[in-house]
Amino acid sequence: MNRIHSQYKISNEDYLYVLSVFVVEPIRWVERYGFRCPHEKERYAMHLRWKIIGEQMGIKDIPPSYEEMAIYLDEYEEKYMVYAESNVKVGTATTDLFLSILPPKLRPMCKPAVHALCPPRLRKAMGFPDPPSLLVWCIDASLKLTGYFVRYLMPPRRVPSFRTSREPVAVSKNT
């Protein structure tokens, strides 16, 4: 991981911000749209896993808890998440990559939906136009409705469903 990033001058503060995004944002997403809220142990496990990765990368001053990491994330964004031309380039490239799985004729119609998924501060920093309020509301409501549907209308699973094989995989030393 460090070798990949070694060609860039990245401050500890910036590394810490990205680490906090990986810890906090998935939990916030599940709290907002999931079929259940994460358990405190899940928050702890998410924080611990990424804290270990951060320590292995040499990141300093990692907040000692999920709650403190969420505070760091919010304060960092308040201070540094502002509009810049470089953000427009990164945001456009990321949006294009995200939409690349769709047929080309659908992409322009779906771009406002991607913008609607972004929080207002992120939209402003990336130079994204504000999507129609109705679109933001519809996407938010549909995601919440999906969580409600899974929680209250889907039968519980009798056996776990895995996205990957449960068989051991041989790992080469060059990986």
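Visitor: What should I know before reading the numbers?

Guide: This is a predicted model, where local features need pLDDT of at least 70, side-chain atom pairs count only at pLDDT 80 or more, and totals for chains, interfaces and linings use all residues. Residues are numbered from 1 along each chain as its sequence is written, and side-chain values use heavy atoms, with hydrogens and water left out.

Visitor: How many helices and strands are in the chain?

Guide: There are 8 helices and 0 strands. Both are DSSP runs, numbered from the N terminus: helices are H or I with at least four residues, strands are E with at least two. In sequence order the pattern reads α-α-α-α-α-α-α-α. The C-alpha trace spans about 50 × 45 × 35 Å along its principal axes.

Visitor: Why is H115 called buried?

Guide: Buried means under 20% relative accessible area, exposed means over 50%, and partly exposed lies in between (1.4 Å probe, protein chains only). H115 has a relative accessible area of 7%, so it is buried.

Visitor: Which residues is H115 in contact with?

Guide: H115 lies in helix α6. Leaving aside neighbours within four places in sequence, H115 is in contact with R123, F128, P129 and P131. Contact means heavy atoms within 4.5 Å.

Visitor: What covers the buried residues of α6?

Guide: In α6, V114, H115 and A116 are buried. Their cover includes α5 (85–99), α7 (120–126) and α8. Over the chain, buried residues make up 23% of the 175 residues.

Visitor: Why is α6 called roughly perpendicular to α8?

Guide: Helix α6 (residues 107–117) and α8 pack at an angle of about 70°, their axes 9 Å apart. That angle makes α6 roughly perpendicular to α8. The cut-offs are these: under 35 degrees is roughly parallel, over 145 roughly antiparallel, 65 to 115 roughly perpendicular, and the rest oblique. The axes are lines fitted to C-alpha atoms, for helices over the stretch in contact, and angles run from 0 to 180 degrees between N-to-C directions.

Visitor: Which residues meet there?

Guide: From α6 come P112, A113, A116 and L117. They meet L135, V136, I139 and L143 in α8.

Visitor: How do you know how α2 is set against α8?

Guide: Helix α2 (residues 12–33) packs with α8 at an angle of about 80°, with axes 8 Å apart. So α2 is also roughly perpendicular to α8. W29, R32 and Y33 in α2 meet D140, L143, K144 and G147 in α8.

Visitor: What makes E31 and R43 a salt bridge?

Guide: Side chains of opposite charge can pair when their charged atoms come close. A salt bridge is a side-chain nitrogen of Lys or Arg within 4 Å of a carboxyl oxygen of Asp or Glu. For E31 and R43, the closest N and O atoms are 2.6 Å apart. The pair links distant parts of the chain: E31 is in helix α2, R43 in helix α3 (residues 40–57), 12 residues apart.

Visitor: Is R43 buried or exposed?

Guide: R43 has 13% relative accessibility, so it counts as buried.

Visitor: What makes the nonpolar surface patch?

Guide: F35, L145, Y148, F149, V150, Y152, L153 and M154 make a patch of about 830 Å². Patches are made of residues with over 30% relative accessible area and no salt bridge; like charges are joined within 9 Å, nonpolar side chains (Val, Leu, Ile, Met, Phe, Trp, Tyr) within 5 Å. Accessible areas come from the Shrake-Rupley method with a 1.4 Å probe; for residues, only the protein chains shown count as cover.

Visitor: Why is Y152 called exposed?

Guide: Y152 has a relative accessible area of 51%, so it is exposed. Y152 lies in helix α8 (residues 133–153).
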